[in-house]
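Here is a short report on one protein structure. Please keep the sequence and the 3D view open while reading.

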Amino acid sequence: MTLRTEVLRLNSVTKDFPNGEGILSLFEPIDLIVNLGDSVSIMGESASGKSTLLHIAAGLEAPTTGSVLWVDNDEEIDVSKMKDSRISMIRNRNIGFVFQNNFLLEDFLPVENLMIPALIAGRSKKEARDFALDILQKFHLEYLAKRRIGNLSGGEKQRVAICRSLINQPKLIFADEPTGSLDQVNAEAVEDILLSLSESSALILVTHNSSFGARCSVRYRLADRKLQREE
Ligand SMILES: Nc1ncnc2c1ncn2[C@@H]1O[C@H](COP(=O)(O)OP(=O)(O)OP(=O)(O)O)[C@@H](O)[C@H]1O
Ligand SMILES: [Mg+2]
């Protein structure tokens, strides 16, 4: 028997947005369980609600109804019931998020960008720097050490952004179109890195790239307001 360690659970999540006179109701109640070691892809048409669902699961947006639980060592954190000020601290420690546009600080070095979330989480400057350098080295990015983010290529920036998402050793890593702005060679390098992460954590990925989606161990399609599991 394989032991499954649950790291994320969505219970009956819905999301409504005001839409002119009416309400845009994005989902029928969505349930989702993600286990450690899973790489989960969510594909679907534009405007089907993929980014919104990912933001809800990552505690960046509140669901209209339902709950979002992050599970860590038998501790369940109900993100959907938490105040914003507390969520941002817990999010910084528990999850990594990789966006299509990397949101790195352009005037700073890669190592400095990685250090910021570690310092916010309470690590000393030395610890934060040592750990940031270790991660950059692990992904063979030491050669960027002396170059400001603004001078890096799109693919290099995205690799640095992935490294930053790992700085606090999150069990949950979310990625929204992480290869959307990259050419094929860079996209494949980023795919390889992200898929390798699910060995020690779980990856939840939104992508329009069907070959990347197909490489994930668990695949879903968001269509007709439902999250449907694919074979
Ligand atoms: N804050 C908001 N207020 C009102 N409507 C919103 C808001 N955020 C998203 N929407 C609407 O919800 C729907 C789903 O948006 P979402 O960004 O989740 O789609 P998506 O599946 O990620 O699309 P894409 O593939 O183009 O990125 C869209 O119709 C969008 O306009
Ligand atoms: Mg989107």
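## The shell around ligand 1

Ala, Val, Leu, Ile, Met, Phe, Trp, Tyr, Cys and Pro count as nonpolar, Asp, Glu, Lys and Arg as charged, and the others, Gly among them, as polar. By these classes, the shell around ligand 1 holds 4 nonpolar, 6 polar and 1 charged residues. The model is a predicted one.

Which residues surround ligand 1? They are Phe17, Leu24, Leu26, Gly44, Ser46, Ala47, Ser48, Gly49, Lys50, Ser51 and Thr52. Helix H1 (residues 50-57) gives the largest share of this shell, 3 residues.

## The nonpolar core

The largest nonpolar core has 57 residues. Ala57, Ala132, Phe174, Ile204 and Leu205 touch the most other members. Strand E10 (residues 202-206) supplies the largest share of this core, 5 residues.

Take Ile204. Leaving aside neighbours within four places in sequence, Ile204 is in contact with Val34, Val40, Leu54, Ala57 and Phe174. Two of these contacts, Ala57 and Phe174, are themselves among the core residues that touch the most other members.

## Helix H4

Helix H4 covers residues 125-138, 14 residues in total. From its first C-alpha to its last, H4 reaches 20 Å. That is close to the 20 Å expected at 1.5 Å a residue.

Which residues of H4 are buried? They are Ala128, Ala132, Ile135 and Leu136. Seen down the axis of H4, these buried residues fall within an arc of 100 degrees, so they line one face of the helix. Lys126, Asp134, Gln137 and Lys138 are exposed on the other side of H4. The cover over the buried residues of H4 includes helix H3 (110-120) and helix H5 (154-165).

Asp130 also sits in H4. Is Asp130 partly exposed or buried? It is partly exposed, because 13 other C-beta atoms lie within 10 Å, and a residue counts as buried only if 20 or more do. Asp130 and Val111 are 19 residues apart in sequence. In space, their C-alpha atoms are 9.3 Å apart.

## Helices H3 and H2

The buried residues of H3 are Pro110, Val111, Asn113, Leu114, Met115, Pro117 and Ala118. They pack against helix H2 (84-94), H4 and H5. After H3 comes Gly122, with a positive phi near 100 degrees.

Asn92 is part of helix H2. It has 18 other C-beta atoms within 10 Å, so Asn92 is partly exposed. Leaving aside neighbours within four places in sequence, Asn92 is in contact with Pro117, Ile120, Ala121 and Asn168. Pro117 is one of the buried residues of H3. Asn92 and Ala121 are 29 residues apart in sequence, yet 6.9 Å apart in space, C-alpha to C-alpha.

Why does His140 count as exposed? It has 11 C-beta neighbours inside 10 Å, and a residue is exposed if 12 or fewer lie within that distance.

Ser12 is another such case. Its phi is positive, about 45 degrees, although Ser12 is not a glycine. Ser12 is placed in strand E1 (residues 6-14). With 13 C-beta neighbours inside 10 Å, Ser12 counts as partly exposed.

## Pro29 and its surroundings

Where does Pro29 lie? It lies in the loop between strand E3 (22-25) and strand E4 (30-35). Pro29 has 15 C-beta neighbours inside 10 Å, so it counts as partly exposed.

Leaving aside neighbours within four places in sequence, Pro29 is in contact with Ser12, Val13, Thr14 and Gly66. Ser12 is the residue in strand E1 with the positive phi of about 45 degrees. Val190 is 161 residues from Pro29 along the chain. The C-alpha atoms of Pro29 and Val190 are separated by 32 Å.

Terms used
Residues numbered from 1 in each chain as written. Chains lettered and ligands numbered in written order. Predicted model: local features only at pLDDT ≥ 70, side-chain atom pairs only at ≥ 80, totals over all residues. Helix = DSSP H or I, 4+ residues; strand = E, 2+ residues; numbered from the N terminus. Expected span 1.5 Å × (residues − 1). Arc of directions from axis to C-beta. Contact = placed C-beta atoms within 7 Å. Core = buried A, V, L, I, M, F, W, Y, C linked by C-beta atoms within 7 Å. Near = placed C-beta within 6 Å.
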